[in-house]
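Me: I have a model open on my screen and would like to learn how to read it. Could you take me through a few features?

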Amino acid sequence: MTLKIGLTGNIGSGKTLISGVFSSLGIPVYHADEVSKKFLDDPKVKNEILKHFGYGILTNDHEINRRSLASIVFTDEKALLVLNSILHPRVKRDFRKWTELQINIQYVIQEAAIIFESGFRKEYDYVIHVSCPKETAIDRVVKRDKIDGHSVLRRMQFQLEDAEKSMLSDFVIRNDGSELVIPQVIAIHNQLLEIGAKRNNDVTSRTADA
Ligand code: ATP
């Protein structure tokens, strides 16, 4: 049985960077935020979005204008909840299907910015939080996306505080520059391999006893 691990962290905390390290260790990584964006091209999703957000959300090419949609949901929590209610069930189903395709793998990772906020926690056996102070994360995103600090803060406003996410998580990776991240990833990787092996042994011996 493959363990499902959620990898979360606030905007700019370093989720993508850290998930790349897990990936280089051979662990399959599912990028929930990327998949959500792809679902915007699905005709059924598009119709639902139009129903709630109106035709003003379309580009001249009749595609969903991702920038406009983002600027609405980053400032209006109700709109964010509506969008999440359209996308999240689809991502959940897609992640389950994707996990079933991963054969002979001890664990898989889903990278997702919001796990606790979206009620996704129960989808995972364990959650890893990438922790980083808000100021550092803002500086990183300002540099990465070439936007101003206020826009980054606006995107962060509906996310739980870093300390709260750390408390709710099973593992925490400190990505604030005070500790090297690769040794932290390897330590968690080894623990997860052990947990996965133990769980598979337990299942095998229960099956043998039956
Ligand atoms: P988002 O939620 O916005 O997708 P994220 O949590 O996936 O962000 P990353 O994209 O991995 O964050 O990191 C944000 C930026 O900070 C990237 O440009 C990344 O290269 C840089 N970064 C991450 N960690 C570090 C670090 N320890 N030292 C220097 N730069 C870093």
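Reply: Happy to! Let's begin with burial: buried means under 20% relative accessible area, exposed over 50%, and partly exposed in between (1.4 Å probe, protein chains only). F116, at 17% relative accessibility, counts as buried. F116 sits in the loop between β3 and β4 (126–131); helices (H or I, at least four residues) and strands (E, at least two) are DSSP runs, numbered from the N terminus.

Me: How far apart are F116 and E164 in sequence and in space?

Reply: They are 48 residues apart in sequence and 9.9 Å apart in space, C-alpha to C-alpha. Before we go on, this is a predicted model, in which local features need pLDDT of at least 70 and side-chain atom pairs count only at pLDDT 80 or more, while totals for chains, interfaces and linings use all residues. Residues are numbered from 1 along each chain as its sequence is written, and side-chain values use heavy atoms, with hydrogens and water left out.

Me: Which residues surround the ligand?

Reply: A residue is near a molecule if one of its heavy atoms lies within 4 Å of it. Here the ligand is surrounded by N10, I11, G12, S13, G14, K15, T16, L17, E111, R140, R144 and N175. Two elements, α1 (15–24) and α6 (134–145), each give two or more residues to this shell, and the largest share, three residues, comes from α1.

Me: Where do I find residues with positive phi?

Reply: Look at two loops. N104, which is not a glycine, has a positive phi near 55° and lies in the loop between α5 (77–100) and β3 (107–111). K146, also not a glycine, has a positive phi of about 55°, and its place is in the loop between α6 and α7 (149–156).

Me: Are N104 and K146 buried or exposed?

Reply: Use the cut-offs from our opening example. N104 is exposed, with a relative accessible area of 78%. K146 counts as exposed at 70% relative accessibility.
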